[in-house]
Amino acid sequence: KSYFNSYHQYADIKTFLSGICSTAGSGKCTWIPSIGKSLQGTDISALKLGTPSSANKPQIYIQGSLHAREWAASSTVQYIVYQLLTATDASTKAVLDAFDIHVVPLSNPDGYAYTWASGGDRLWRKNRRDNGDGTFGVDLNRNYAYHWSGSGGASDNTDDETYRGPSAESEPETKVLSAYYKSLDRVTAAIDFHTFSQLILRPWGDTKVLPVHDKQYIDIGTQIHNIIKGVSGLNYVSEPSISLYPTTG
């Protein structure tokens with residue numbers, strides 16, 4: 001698909017995704033124009049994928065580009081949507097029959113727009129909060145309520161790239177994303193796409209205590225590693241998130 005030969009601004013992304021969603025047929029896709037608004041009033045859009053084969057199917061949650069500069073994260077999520085809606089093989093159909101897949105292709109639209117803007121910053125990471133002291137932006141990936149006030153995993157310095165914000169979920173974007181995720185009561189898997197490195201990160205980010213389902217996370221990470229290796233030859237490392245560095249919020 002020629003669309004994926006280049007990156008696109010948010011309006012074009014929404015036009016492309018809403019278009020393939022509307023033509024998918026068989027009730028495979030629902031386009032959600034807005035699950036809520038960003039700090040600057042931009043609609044955060046989503047899609048629900050899955051054939052209406054049965055009620056109460058397990059749910060998968062996917063989001064991309066929480067960090068604005070990571071264009072390839074959103075592009076990857078868009079390609080996943082495209083493949084799921086256009087592929088005709090039995091295995092893809094089986095995925096859509098078995099799961100309802102909820103996708104937020106671009107989680108930080110204001111920051112993303114700033115990476116495209118004349119006079120903006122291609123490497124901008126945060127949202128566009130005016131912190132009132134001459135600095136801008138909150139790292140949305142440190143602003144969620146989960147262990148927001150934990151030590152060592154985020155910064156309280158407004159100028160830092162990992163600035164956590166003035167309070168847990170102070171930012172409209174994290175409020176919207178968190179509320180949408182919590183509205184899904186059958187989530188069995190979730191992935192937040194980033195492009196920092198060739199890593200498959202699993203829980204936890206703020207402690208070395210192993211999660212209850214650690215063996216399953218390891219098994220899934222190994223499978224993902226093997227699939228990527230088989231397709232591209234690249235070695236993605238599967239490890240607990242805290243092995244990279246501590247993160248909170």
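Residues are numbered from 1 along each chain as its sequence is written, and side-chain values use heavy atoms, with hydrogens and water left out. Because the model is predicted, local features need pLDDT of at least 70 and side-chain atom pairs count only at pLDDT 80 or more, while totals for chains, interfaces and linings use all residues.

Salt bridges come first. The term stands for a side-chain nitrogen of Lys or Arg within 4 Å of a carboxyl oxygen of Asp or Glu. A search of the whole structure gives 11 of them. One of these joins Arg69 to Glu161, with 2.9 Å between the closest N and O atoms. Arg69 belongs to the loop between strand E3 (59-64) and helix H2 (71-86), and Glu161 to the loop between helix H4 (109-116) and helix H5 (172-182), so this bridge ties together parts that are 92 residues apart in sequence. Helices (H or I, at least four residues) and strands (E, at least two) are DSSP runs, numbered from the N terminus. Arg69 has a relative accessible area of 23% and is partly exposed; Glu161, at 40%, is also partly exposed. For these classes, buried means under 20% relative accessible area, exposed over 50%, and partly exposed in between (1.4 Å probe, protein chains only).

Asp100 and Arg186 form another salt bridge, at 3.7 Å from N to O. Asp100 is in strand E4 (residues 100-104) and Arg186 in the loop between H5 and strand E5 (187-193), so that distant parts of the chain, 86 residues apart, are linked. Asp100 is buried, with a relative accessible area of 7%, whereas Arg186 is partly exposed at 25%.

A further bridge pairs Arg129 with Glu171, at 3.0 Å from N to O. Both Arg129 and Glu171 lie in the loop between H4 and H5, and the pair ties together parts that are 42 residues apart in sequence. Arg129 is partly exposed at 24% relative accessibility, but Glu171 is buried at 0%. Elsewhere, salt bridges with shared partners connect Lys57, Asp100, Asp185 and Arg186 in one network.

A pair of aromatic rings is described by the distance of the centres and the angle of the planes. Here the rings of Phe, Tyr and Trp (its six-membered ring) pair if their centres lie within 6.5 Å; planes under 30 degrees apart count as stacked, over 60 as edge-to-face and the rest as tilted. The structure holds 16 aromatic pairs. In one of them, Tyr61 and Tyr180 have ring centres 6.5 Å apart and planes at 50°, so the pair is tilted. Tyr61 is buried at 4% relative accessibility, and Tyr180 is buried at 11%.

Tyr146 and Trp204 make a stacked pair, with 5.9 Å from centre to centre and 20° between the planes. Tyr146 lies in the loop between H4 and H5, and Trp204 in the loop between strand E6 (199-202) and helix H6 (214-232), so parts that are 58 residues apart in sequence are tied together. Tyr146 is partly exposed at 45%, as is Trp204 at 33%. Ring pairs also link Tyr3, Phe4, Phe16, Tyr79 and Tyr82 into a cluster.

Two arginines are placed over tryptophan rings. A charge sits over a ring if NZ of Lys or CZ of Arg is within 6 Å of the ring centre and within 35 degrees of the ring normal. Arg128 lies over the face of Trp124, at 4.8 Å from the ring centre. The charged end of Arg164 is over the ring of Trp148, 4.3 Å from its centre.

The structure has one disulfide, a term for a pair of cysteine sulfur atoms within 2.5 Å. Cys21 and Cys29 are the partners, with an S to S distance of 2.1 Å. The torsion about their S-S bond is about -110°, so the disulfide is left-handed. Cys21 is buried at 5% relative accessible area, and Cys29 is buried at 14%.

Finally, Ser38 is found in the loop between strand E1 (29-32) and strand E2 (46-49). Ser38 is buried, with a relative accessible area of 5%. Not counting residues up to four places away in sequence, Ser38 touches Ile44, Pro109, Asp110, Pro172 and Glu173, where contact means heavy atoms within 4.5 Å.
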